[in-house]
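Opening the notebook on this one.

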Amino acid sequence: MSIETADRVHVNNTVVGLFENVGPIDWDDLPAAAELTQRLIREFAADKALFRRLLFAVEHDPYLWAKCEEDVVEDKIVLWDDVEKGLRIRLRMSTDHQQQLAHNHRFSFTNLVLRGTYLHRNYVARNGFDENTLPDDVQPVMLHQDRAGECFTIHHNALHSTPFTELGTISLVLRGNPVKDRAPVMFKEARGREEALQQLEESREGQRSELSEVEPEAAEVGTMFWRVGEDRESAERRAERQMTKEKYHYWCHRLEELGII
């Protein structure tokens, strides 16, 4: 067994130790799920030696590496995944301005902000939230900030948006099992200008097009798309989103520099 493989086994055993007494989490009992998962993710974040070992081992684990992504406004690194328990630890790092996107999720999760700030909106949607929902049907009912050191827990049916107010905002997510194949997202702010106007004109000329399963780089207010699991994405799409080793090493250095690991 190589040193890297041995270290990976050691790390996995250590993480299992943190979660070994955790049974199935009932995310529908949100207060109880929040109390448990917020404690667990804080304990994990506080163990910087473990955090560091997991982060540096990711590039040597093909299963985890395939889940590391560079997306439109953020990068993601999956540190640990327990399929049997239905729990995954993932890092999120903002890389660009993010518009106000009203959305729910395929899974429930707890988020610990490690650096920076989220501007968090909660919404209500008249008559439900799906591909037929109009922008005026989605109204904010709460606005607050989530700052470094703060946790929040979200049920998969909650409708919210969490744009980063600072570039380089970093958070640690402990998520549960997916309970949906896909989840809708609506732009409450336009992304891009000329491209978005062109899309608007094209949509006015014909009927509303079918929702894409790819996040658009330009969009008008009211544009919607689906977020889906990797099992629904094409090989080409997965390749487009795959994190490069250069970006991964940048984040390893940056997290070390910031004292997060």
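**Entry 1: the sheet.** I started with β1 and strand β2 (residues 74–82), which pair in the antiparallel sense over two bridges. For the record, two strands pair if DSSP finds at least two bridges between them, and helices (H or I, at least four residues) and strands (E, at least two) are DSSP runs numbered from the N terminus. Within this pairing I found E69 opposite K76 of β2.

Before going further, a note on what I'm looking at: this is a predicted model, where local features need pLDDT of at least 70, side-chain atom pairs count only at pLDDT 80 or more, and totals for chains, interfaces and linings use all residues. Residues are numbered from 1 along each chain as its sequence is written, and side-chain values use heavy atoms, with hydrogens and water left out.

Next I traced the open sheet of six strands, and its order reads β1-β2-β3-β10-β5-β8 with antiparallel pairing. The edges are β1 (69–70) and β8 (151–154); each has a single partner strand, so one side of each lacks a neighbour in the sheet.

**Entry 2: helices on the sheet.** I looked up helix α3 (residues 48–57), which lies across β2, β3 (87–94), β5 (109–115) and β10 (170–175) and runs at about 105° to β2. Helix α7 (residues 245–257) also packs on the sheet: α7 touches β1, β2, β3, β5 and β10, and its direction makes about 85° with that of β2. Contact here means heavy atoms within 4.5 Å; the axes are lines fitted to C-alpha atoms, for helices over the stretch in contact, with angles from 0 to 180 degrees between N-to-C directions.

**Entry 3: salt bridges.** How many salt bridges does a search of the whole structure find? I get 17, taking a side-chain nitrogen of Lys or Arg within 4 Å of a carboxyl oxygen of Asp or Glu. One of them joins the side chains of K247 and E70 at 3.7 Å, N to O. That pair links distant parts of the chain, K247 in helix α7 and E70 in strand β1, 177 residues apart. K247 is partly exposed at 23% relative accessibility, and E70 is partly exposed at 24%. My cut-offs: buried is under 20% relative accessible area, exposed over 50%, partly exposed in between (1.4 Å probe, protein chains only).

**Entry 4: cysteines.** I counted zero disulfides, using a cut-off of 2.5 Å between cysteine sulfur atoms. C252 is buried at 7% relative accessibility, and C151 is buried at 16%.

**Entry 5: the other pair of strands, and the totals.** Strand β11 (residues 182–187) and β12 pair in the antiparallel sense over five bridges, with M186 opposite M224 of β12. β12 (residues 224–228) is mostly covered, as four of its five residues are buried. For the protein as a whole, I noted seven helices and 12 strands. Of its 261 residues, 49% count as buried.
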